[in-house]
Amino acid sequence: MAIDVEKIRSDFPALSLTMHGKPLIFLDSAASAQKPLCVLDVIKNQYVNEYANVHRGVYRLSEKATLNFEQARQKVRHFINAASDKEIVFTRGATDSINLVAYTWAASNLKDGDEIILSQAEHHSNIVPWQILQKRINFKIKIVPVDDNGDFIFEEYLKLLNEKTKLVSVMHVSNVLGTVFPVKEIIRSAHEQGAVVLIDGCQGATHMPVDVQDLECDFYVFSGHKLYGPTGIGVLYGKLSLLKEMPPFEGGGDMIKSVSFEKSVWAEPPARFEAGTPAIMQAVGLGHAIDYVNKIGMDEIELHERQLCQLLQGEMLKIPGIRVIGNSNDKAAVVSFVADFAHPQDMAMILDQEGIAVRTGHHCAQPLHERFGVSVTVRASLGVYNTQSDIENFIKAVHKVKRFFT
Ligand code: PMP
């Protein structure tokens, strides 16, 4: 069933803004998505009527706040089909989630001489934490290349996998190429070697249904703000058997069973990994953002965005002088490109004058840009609220930039 985009657009107040006198065309959802009014309303309402710190009070307001917070956890659990609420750890975002795994699971399981595998397309947040950890443990980082279309080269991956591989940490969908990685097959092959797998689902869970039990991944991470929820909240899904064995990330209130000056005993997951007052309202907001996308249907969202992505990609490829970076047949919601007639920065500034918000830069994927021989690209990325006319107007504006410079 086709989604009612006009109705959806009316749920997002920011989409009625004008920029330089032109209606806003928002094509930067891969960086962060706009928020529906229902998410904003629930946050305001709960701050006014149901706010107190969680987990600690026996008074009515605190019990209500705790209930709302824990219901958000249940919503996340159902959203990715985790087996238990205990497998859902709230973090500050995907970056925080990956760092948590690096400093807990990896720091206590990797040893000198071990190997981990990343892909060439990874976001810096799935590269740098491992490099920081390498200062403490002398493990090797091996890189699976992507081909000229931006596809994960599976044969190369299989060549890198061996009994020394302890972790495979790769993205679900590239935030530059849009490529959907064959994560199920990646996970299966890693498990055959006994390696643990982390999937960076920042651009995955936002654009398609995710079932962590079907994927059988060990860890899956994503950020709330890309899923129409607030900033400052993210998710670490971890298999309970792994979480139970992991030491804490940060120490503080709420993550302990008991404390004395001689010895403290850690709480069970997920509390063990949630030291201090959590981002209560952000978690509640994320829960409502999940309700919102569930009402539309993740299958429908995926279909809508894939159709728009195909249209956008096809139209861009018709423009002489445009080079699209990322031509996989399995692509979601992102089109990055360079033009031989305008520098990406100039392109983005002129598009801004037309009310069009796109991003330029390396999108926190410098090694990937290097692979394609470019230092920066322009990136147009899609959300549930984008329309065919957004794409048509964007294409017209790119032609205008071309006329301007040629
Ligand atoms: N991984 C990918 C693929 C991303 O697109 C992003 C955000 N651009 C991140 C990780 C980091 O997310 P956050 O900044 O929300 O922690």
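Trainee: Which helix does Leu158 lie in?
Mentor: Leu158 lies in helix 6, which covers residues 154–160, where helices (DSSP runs of H or I, at least four residues) and strands (runs of E, at least two) are numbered from the N terminus. Please keep in mind that this is a predicted model, in which local features need pLDDT of at least 70 and side-chain atom pairs count only at pLDDT 80 or more, while totals for chains, interfaces and linings use all residues. Residues are numbered from 1 along each chain as its sequence is written, and side-chain values use heavy atoms, with hydrogens and water left out.

Trainee: OK, and how accessible is Leu158?
Mentor: Leu158 has a relative accessible area of 44%, so it is partly exposed; buried means under 20% relative accessible area, exposed means over 50%, and partly exposed is in between, with a 1.4 Å probe and protein chains only. The C-alpha atoms of Leu158 and Ser189 are separated by 7.6 Å, although these residues are 31 apart along the chain.

Trainee: Switching to helix packing: how do helix 12 and helix 14 pack?
Mentor: Two packed helices are described by the angle between their axes and the distance between the axes. Helix 12 (residues 344–353) and helix 14 (residues 388–405) pack at an angle of about 120°, and their axes are 10 Å apart. Here axes are lines fitted to C-alpha atoms, for helices over the stretch in contact, and angles run from 0 to 180 degrees between N-to-C directions.

Trainee: What do we call that arrangement of helix 12 and helix 14?
Mentor: Helix 12 and helix 14 are therefore oblique to each other, since angles under 35 degrees count as roughly parallel, over 145 as roughly antiparallel, 65 to 115 as roughly perpendicular and the rest as oblique.

Trainee: Which residues make the contact?
Mentor: On helix 12 the contact (heavy atoms within 4.5 Å) is made by Asp346, Met347, Ile350 and Leu351, and on helix 14 by Phe394, Ala397, Val398, Val401, Phe404 and Phe405. By class, the residues of this contact of helix 12 with helix 14 are nine nonpolar, no polar and one charged, where Ala, Val, Leu, Ile, Met, Phe, Trp, Tyr, Cys and Pro count as nonpolar, Asp, Glu, Lys and Arg as charged, and the others, Gly among them, as polar.

Trainee: And which residues of helix 12 are buried?
Mentor: Pro344, Met347, Ala348 and Leu351 are the buried residues of helix 12. They cover an arc of only 95° around the axis, so they are on the same side of helix 12; the arc is that of the directions from the helix axis to the C-beta atoms.

Trainee: What covers the buried residues of helix 12?
Mentor: The cover includes strand 14 (334–339), strand 15 (356–357), strand 16 (359–361), strand 17 (377–381) and helix 14. Just after helix 12, Gly355 takes a positive phi of about 85°.

Trainee: How do helix 11 and helix 14 cross?
Mentor: The axes of helix 11 (residues 298–317) and helix 14 cross at roughly 15° and come within 10 Å, and the two helices are therefore roughly parallel to each other. Their contact is made by Leu308, Leu311, Leu312, Glu315 and Met316 of helix 11, together with Gln388, Ile391, Phe394, Ile395 and Val398 of helix 14. That contact of helix 11 with helix 14 has eight nonpolar, one polar and one charged residues.

Trainee: New topic: where is Gln282, and what does Gln282 touch?
Mentor: Gln282 is in helix 10 (residues 280–296), and its relative accessibility of 24% makes it partly exposed. Leaving out residues up to four places away in sequence, Gln282 touches Pro230, Thr231, Gly232 and Ile233. Gln282 and His225 are 57 residues apart in sequence, and they are 9.3 Å apart in space, C-alpha to C-alpha.

Trainee: Is the peptide bond from Pro269 to Pro270 cis or trans?
Mentor: The bond from Pro269 to Pro270 is cis, with omega near 5°, and Pro270 is found in the loop between strand 12 (264–266) and helix 10.

Trainee: Last one: what is phi for His55, and where is His55 found?
Mentor: His55 has a positive phi of about 70°, although it is not a glycine, and it is found in the loop between helix 2 (37–49) and helix 3 (60–79). Thr66, which lies in helix 3, touches Val54 and His55, not counting residues up to four places away in sequence. Thr66 is buried, with a relative accessible area of 17%, whereas His55 is partly exposed at 36%.
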